Amino acid sequence: MREIKASTITELVAEMCQEANLYLGEDVVDALKKALLEEESPAGKEVLKQILENVDIARSEQIPICQDTGFAVFFVEWGQEVHLTGGSLEEAINEGVRKGYREGYLRKSIVSDPLERINTGDNTPAVIHTILVPGDKVKITFAPKGGGSENMSAVKMLKPSDGVEGVVDFVVNHVRESGSNPCPPIVVGVGIGGTFEKVALLAKKALLRPLGQPHPKPFYANLEQRLLREINNLGIGPQGFGGRVTALAVHIETFPAHIASLPAAVNINCHVARHVERVI
Amino acid sequence: MTVKHLQTPLSDEDVLGLKAGDSVLISGVIYTARDAAHKKLAELIERGEPLPIDLKGQVIYYVGPTPAKPGQVIGSAGPTTSGRMDKYTPLLLKEGMKACIGKGLRNAAVKEALKKYKGVYLAAVGGAGALLSKRIISSEVVAYPELGTEAIYRLEVKDFPATVINDAYGNDLYEEGIKAYAR
């Protein structure tokens, strides 16, 4: 059986925390450049120019892209032929977050109790989603999530009779109501199916897909395009100043549903759509 | 697009000269405050106790920066969502605050208070914290250091870019923008 040391995970996580907060993925940068070409509103164009300049400054001067360096969210696919030595996975990841956020001068944004609200001082605990998969590899995805866009999330337990139109109305109305709050242009993650908790996770996972990569099923790829069109017709525009580009992409993830249920969820990401991935 | 230069502290005349949609460049001293500091300031105001900063003519920036690296003035420093401060904003305007900088929607009570007390709500580009940090030339904590990133900082800014969202006349750029581009 293959062995991986907890300290290896910790070092890797620390690196990932810093990388994700300094370097925006090329897929997102390309989408922002395309948005600048498509945007008609002068105020919207000015916003997109500032956003692109900000990405360059972050990279060249090593300043975090956004001051909200996020809740540290991890997706771990653990090969079942791998044995972890020298500690628990949870503690290995949390230690990596402590190290990465301290050494990277990243913001500590987590309070220890939701109502008492005392900062933990090291940005832990992380939110960790782990699944066991066949094989002897470990894949870790880190997606820091800002509070402003995370607050603009919603789950609705629709009726099966609401169908595709019910899903479209829910998603588009939710983005309309969110307006300028989640820092448009946004990426819209949509979950459809499963249970109450599953659908929220689907919406979050949808945000991890490279921007512009359509759903593999033509039906859902078309629905993504329709939602993107309807969202961009809202006129909210970059930062809500009015314009053509409210969303850069809509990604849908689905799961089988109960005969009585049609759950739907929206998880919004701001234009600083950060995620990095490593395979050990 | 014309750009208006603002020097802090702001007067009623400065505020009344601004209209929703205007681009501004702010220079001078501004103060930071977000959720936790607002809660503390509001409690002091309600108890009639003195505030750690004089709000007359002041600009409050809703920001919780990343820590400064050695040699840096401040870390990444972009605006946070303003709606969470709605509960406290009318109270601060009554105490003399003239402008606040954040991003995102404000409620009806804030818009009404901006008219009543002659104030403006400005937005900086959310998610442009690295760029905005370059316009901050000095930074020091002046109250609530125990709040860490949520402490009140006194910032000196030079040509800090923002856009007028809600002016003192009841106009709203977010509404006007949607009207112009929705289809």
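This is a short tour of a predicted model, stop by stop, for you to follow in your viewer.

The model is predicted, so local features are described only at pLDDT of at least 70 and side-chain atom pairs only at pLDDT 80 or more, while totals for chains, interfaces and linings use all residues. Residues are numbered from 1 along each chain as its sequence is written, chains are lettered from A and ligands numbered from 1 in the order in which they are written, and side-chain values use heavy atoms, with hydrogens and water left out.

**Stop 1: where the chains touch**

The contact (heavy atoms within 4.5 Å) involves 44 residues of chain A and 42 residues of chain B. Together the two chains bury about 3400 Å², with 58% of that coming from carbon and sulfur atoms. Buried area here is the accessible area (1.4 Å probe) lost when two parts are put together, summed over both.

Now select A:Gln67, A:Tyr105 and A:Phe241. These residues provide 21% of the area that chain A buries against chain B, more than any other three.

**Stop 2: a bridge across**

Which side chains meet in a salt bridge, B:Lys134 and which partner? Pick A:Glu61: the two are 2.3 Å apart, N to O. A salt bridge puts a side-chain nitrogen of Lys or Arg within 4 Å of a carboxyl oxygen of Asp or Glu, and the count between chain A and chain B is one.

Next, show helix 3 (42-61) and helix 6 (163-178) of chain A, each of which brings at least two residues to the side that touches chain B. Helix 3 gives the most, with ten residues. Helices (H or I, at least four residues) and strands (E, at least two) are DSSP runs, numbered from the N terminus.

**Stop 3: a bridge within chain A**

The whole structure has 31 salt bridges over all chains. For one of them, select A:Asp122 and A:Arg98, which meet at 3.0 Å, N to O. A:Arg98 is in helix 4 (89-103), while A:Asp122 is 24 residues away in the loop between helix 4 and strand 4 (127-133) of chain A.

**Stop 4**

Most residues other than glycine have a negative phi, and most peptide bonds are trans. Zoom in on A:Pro184 and A:Pro185, where the peptide bond is cis, with omega near 10 degrees. A:Pro185 sits in the loop between helix 6 and strand 7 (186-194) of chain A.

Over in chain B, B:Thr8 and B:Pro9 are also joined by a cis peptide bond, with omega about -5 degrees. Look for B:Pro9 in the loop between strand 1 (3-7) and helix 1 (12-16) of chain B.

Then go back to chain A and find A:Gln239, in the loop between helix 8 (218-232) and strand 8 (247-257). What is the phi of A:Gln239 near? The value is near 60 degrees, which is positive in a residue other than glycine.
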